[in-house]
Amino acid sequence: MTSDPKRRTAYIVRNTNETKIQLSLSLDGGPLDLLPATAEFDGYSSRNGDHSLHEPPETQDTNTHASQISKLQHIWIWTGIGFLDHMLHAWAKHAGWSLRIRCRGDLAIDDHHTTEDTFLALGTAFTTALGPRTGIERFGYAYAPLDEALSRAVLDISSRPFFVGDFGFQGPMMGTLNTQMIHHGLGSWAQNAGVTLHVHVLSGENDHHRAESAFKALALACRGASKRVAGREGEVVSTKGVL
């Protein structure tokens, strides 16, 4: 998706009976090409007479609730779950990523498969873009507030997938996203990304604020852990000699 050899990028397609996903990621920001035309997306609504609000826009030039295009970052996200899009947007923005996602999921059932598969695809993209786990900080941690809410995220690019999360949500839903799916989704991401991740919401009264502060803390932890360290090129940051 890019010709710049210095940028760490990945393009992922994940198609199942439950979801169709295209995802393009650059860990270092910068421009991203539009997602390639495929039968699963382009012209699908016109051919099938499906113009649901859950359907991705026919063209990626359409500004969405989770799009932001600048010289430094290209972000364009559509999963059919508005609150999920909002969290992915915040994650990409504050991690310094460029990210394009479009997903057609079985939302007539519920939000589970769409959320899970989107996080799995993003985890695969993260580890693919990262490439050999050498010359990086490896560890990242951050605190992020949003008004009364405060969250902490700690990340180890360890190749030992593990997730611990404590969000303390008060309600069952945020928009059309089940709050359980934030925990499950981040666990799915950690599994495919090959990372150890701890995310804790330390305080907060509003569920939206709790969730967004958590994703912003995660974004900053990702940014720190994946940072390339000058002079450490090719070095494995482990006493084992391998990650």
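Modeller: A salt bridge here is a side-chain nitrogen of Lys or Arg within 4 Å of a carboxyl oxygen of Asp or Glu. Side chains of opposite charge can pair when their charged atoms come close. The model is predicted. A search of the whole structure finds 6 salt bridges.

Start with aspartate 28. This residue forms a salt bridge with arginine 8, and the closest N and O atoms are 2.8 Å apart. The two partners come from distant parts of the chain, 20 residues apart. Aspartate 28 sits in the loop between β2 (19-26) and α1 (44-48), while arginine 8 sits in the segment before β1 (9-15).

Aspartate 28 also pairs with arginine 228, with the closest N and O atoms 3.4 Å apart. Arginine 228 lies in the segment after α5 (207-225), so this pair ties together parts that are 200 residues apart in sequence.

Aspartate 28, at 29%, counts as partly exposed. Arginine 228 counts as partly exposed too, at 44%.

Now another pair. Arginine 138 forms a salt bridge with aspartate 156, and their closest N and O atoms are 2.6 Å apart. Arginine 138 lies in the loop between α3 (112-130) and β6 (139-146), and aspartate 156 lies in strand β7 (residues 149-156), so the pair ties together parts 18 residues apart in sequence. Both arginine 138 and aspartate 156 are buried.

Key
Residues are numbered from 1 along each chain as its sequence is written. This is a predicted model: local features need pLDDT of at least 70, side-chain atom pairs count only at pLDDT 80 or more; totals for chains, interfaces and linings use all residues. Side-chain values use heavy atoms; hydrogens and water are left out. Helices (H or I, at least four residues) and strands (E, at least two) are DSSP runs, numbered from the N terminus. Buried means under 20% relative accessible area, exposed over 50%, partly exposed in between (1.4 Å probe, protein chains only).
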